[in-house]
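Please open the model in your viewer and keep the selection tool at hand.

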Amino acid sequence: MKLMEGKKGIILGVANDKSIGWACAKQLHDAGATIGFSYLNDAIEKRVRPLAESIGAEYIEKCDVTKDEEIESFVKGFGEKYGQIDFIVHSLAFADGEDLKAGVLNTSRDGFKLANDISAYSLIAVTREARPYMKEGSAVVSMTYLGSTRVVEGYNVMGIAKAALETANMYLAHDLGPDGIRVNTISAGPIKTLAASGVPRFKAMLKRFADSAALGRNVVAEEVGKTCLYLLSDLSSGVTGETHYVDAGYQTMGFKHPKED
Ligand code: NAD
């Protein structure tokens with residue numbers, strides 16, 4: 001029997017075949033899961049629908065997480081159709097490009113609100129909506145980044161939002177723990193995706209990260225997908241409230257000689 005046979009759940013945040021959420025979808029599908037997908041708008045639907053249908057998905061609906069009514073209809077719609085929500089993959093984030101460029105000191109009130117609303121609060125809102133359909137053994141996974149706990153130049157207000165996400169992750173693990181529902185977040189190393197293209201000088205960042213990582217390379221989305229499968233499956237039944245790094249050992253390093261030395 002496959003690892004996720006009989007499990008049904010939702011993935012929010014696939015934009016295209018480069019998305020980390022799609023890498024998670026492929027792993028979960030291969031492991032036997034039934035998946036419902038959200039898309040942000042019509043333009044993204046054009047890319048998500050064929051991808052989702054290629055793995056047999058039958059539930060593909062709009063969900064802009066800034067709108068409570070769209071969270072409700074997306075999550076409830078899946079819950080009513082399948083009667084259960086065994087897993088949630090929250091793989092979305094957004095900050096205004098102007099705020100990312102401005103630096104934290106010059107972040108606007110609205111920009112701060114928007115980044116935190118979309119990137120952190122939505123994890124709480126989606127999990128709450130799904131809660132009536134989740135039973136013991138269900139699990140939630142979100143995606144975070146090292147800019148939450150260390151200064152990563154250019155990450156700015158998104159670092160603050162990821163810190164909020166990681167803290168929400170811990171408190172949700174506490175809230176849902178008594179019911180046997182686990183909540184974890186994956187801190188992925190930099191990967192070239194649509195969202196990453198908004199981070200200034202991302203290409204240079206990829207090279208520096210690879211040079212400094214314990215494994216001496218960057219990670220690929222598939223590695224995040226495999227960890228997502230582990231965290232949503234029974235293999236990680238004793239793990240909750242964690243920020244789990246999938247970054248080729250970058251965050252563990254204190255100092256490494258550059259290759260040219
Ligand atoms: P991506 O662009 O493929 O995915 C981001 C998704 O967020 C898109 O599907 C977009 O539609 C969605 N989104 C934005 N605003 C939304 C809203 N209001 N409502 C609903 N959805 C919305 O990029 P990705 O890199 O796959 O990002 C997925 C997650 O991984 C994000 O949380 C990101 O911060 C995180 N992450 C990415 C990296 C990286 O280097 N790519 C590293 C660590 C963590």
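A residue is taken as near a molecule when one of its heavy atoms lies within 4 Å of it. This is a predicted model, in which local features need pLDDT of at least 70 and side-chain atom pairs count only at pLDDT 80 or more, while totals for chains, interfaces and linings use all residues. Residues are numbered from 1 along each chain as its sequence is written, and side-chain values use heavy atoms, leaving out hydrogens and water.

Select the ligand together with the 29 residues around it, of which S19, I20, K162, I191 and T193 come nearest. By class, this shell holds 20 nonpolar, 7 polar and 2 charged residues (Ala, Val, Leu, Ile, Met, Phe, Trp, Tyr, Cys and Pro count as nonpolar, Asp, Glu, Lys and Arg as charged, and the others, Gly among them, as polar).

Next, show the backbone of I20, where a polar atom is 2.8 Å from an oxygen atom of the ligand, and then that of A195, where a backbone N or O atom lies 2.9 Å from a ligand oxygen; a polar contact is a pair of N or O atoms within 3.5 Å.

Now display the largest pocket, in which the ligand sits, meaning that more than half of the ligand's atoms lie within 2 Å of the pocket's grid points. A pocket is an open set of points on a 1 Å grid over the protein atoms alone, where a 1.4 Å probe fits, with protein on both sides within 12 Å along at least five of seven lines, and its lining residues have an atom within 4 Å of a point. Among the 43 lining residues, select L92, A93, F94, A195 and A196, which lie nearest the centre of the largest pocket.

Methods. A polar contact is a pair of N or O atoms within 3.5 Å; within protein, one must be able to donate a hydrogen and the other to accept it, and residues adjacent in sequence count only if both atoms are side-chain atoms.
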